[in-house]
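Me: Please take a close look at a single part of this model. I would like one connected account of the hairpin and of the residue packed against it.

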Amino acid sequence: MSSSIQLLNPKAESLRRQQALQVNIAAAQGLQSVLASNLGPKGTLKMLVDGSGNIKITKDGKVLLSEMQIQNPTAVMIARAASAQDEITGDGTTTVCLLVGELLRQAERFISEGVHPRVLTDGFEIAKRESLNLLDSFVQKAETIDRELLLQVARTSLSTKVNADLTDVLTPIVTDAVLQVRTNDNLDLHMIEIMSMMHETAKDTQFVNGLVLDHGARHPDMPRRVTNASVLILNVSLEYEKTEVNSGFYYSSAEQRDKLVASERRFVDEKLKKIVDLKNEVCGLDESKGFVIINQKGIDPMSLDVLAKHGILALRRAKRRNMERLQLICGGEAQNSVDDLSPDVLGYSGLVYEHTIGEEKFTFVTENKDPKSCTILIKGATNHVVAQTKDAVRDGLRAVANVIKDKSLVAGGGAFFLSASKYLTDNESKIAKGRSKVGVKAFADALLTIPKTLATNAGFDALDTLANCQDDLADGRVVGVDLNSGEPMDPTVEGIWDSYRVLRNAISSSTGIASNLLLCDELLKAGKSSLKQGPPQ
């Protein structure tokens, strides 16, 4: 009997029940196997080559998932959810993918024995809730967060992204940058400018207690080095602008044209006169004092010439974000008009100088009184080295900022996953009743994938390492995996720390994704739309 309503596009591909579940599990495990070798400080690198031959070498999960061309829809969904983890917390992308893959691998064992997916997902939810409760009691509250503690946090995060030598260079840079922009209750990482310079090596990356602008003066006669500088931050157009409406000017003689040009020029000259008057008022005839203008809008060649004659260093078309940073570094107030200029609106910088590399110019604004913004100057000989270092620095900044915001630390080296797995296994009967126990058991086994993978990537036997750690864990100690010896160690003594919010989000999101995929019993992949009629036969 044919149905009177056609619900499905006949050209669509439909996978039902067991078949759909197998597709989802295979996709999650495929993604897990790709990213597993990247986890931890001993993880390997991946080389990504795009269509135009550009190379990117990285082991940052977020970069890999966003750059790889993933075809499978299930894997795309996991990749997007894991990338969201990085957007929220700054780390934990690889952890999410590994946990999702392992949860589905453990679930597959029970499903093959006839357990319904709903029973497993109910157990997952119970185990997730208990794990998060355990995490709240497992964290170590840090009432006083000193620089030494933040250095340990930054080192733990950076060591999973770049090699050990570069980690030693970047750790103090990242920590000092966050401390520089930290005020009482406010921490805005956007006030840290990350500037890249194709020069020297990644180990020459430096922290600049000031601002670096990616352009220089646009006039050859302007000073290249200004000390004891008064800084005027402007958002004023110092060039002739066309009218907003479509208008035209007509003249019948050369004199009329000259008058027209002169009146246009007078409009800009009046603005320049006010700026020069302010410079004379502040600096006078004292040659030890300098004057610098940093303008968000344009400055035309004739205006640059006037400013150069008066010994003023002028930079045009600065980024809007840098205008905010300049006020935090130099003090002073950004001006949208030159009508009310006074010495009170000026900022101060001890040294402003220009640095040229090849055809590129950089302007350094340094030696400031009490800067609340800074610059991390990333160096490298090639594009992919600079990109890799920049990704690592961004994650390091977020890791340090997370600790300051949470005022909490979690022992690293897989310590929480070992403790949570033991807790769920020991208290399985108390936590869950009836059939949900299988879900709790699967969840407890899946958590062990993180310490197992860490040990495997370091070249040790996963089962031996895990058995040794569990033996020490039974004595009531906090235990993580030592990736240098393969033996159990106390992460709190070694200074290996994870971020509280990274682990919390990773467990929540991975459980949610795995549960959704397990409960998916039909996969529809649409073909060509049946609404579009083909050519008549």
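Reply: Strands β2 (residues 46–49) and β3 (residues 55–58) run antiparallel and are joined by four bridges. Strands count as paired if DSSP finds at least two bridges between them; strands (E, at least two residues) and helices (H or I, at least four) are DSSP runs, numbered from the N terminus. The model is predicted, so that local features need pLDDT of at least 70 and side-chain atom pairs count only at pLDDT 80 or more, while totals for chains, interfaces and linings use all residues. Residues are numbered from 1 along each chain as its sequence is written, and side-chain values use heavy atoms, with hydrogens and water left out.

Within the pairing, Leu48 has Lys56 of β3 as its bridge partner. Five residues lie between the two strands of this hairpin, and Gly53 takes a positive phi near 90°.

Both Leu48 and Lys56 are touched by Val63, as are Thr58 and Asp391, not counting residues up to four places away in sequence. Contact here means heavy atoms within 4.5 Å. Val63 itself belongs to helix α2 (residues 61–67). Val63 counts as buried because its relative accessibility is 7%; buried means under 20% relative accessible area, exposed over 50%, and partly exposed in between, with a 1.4 Å probe and protein chains only.
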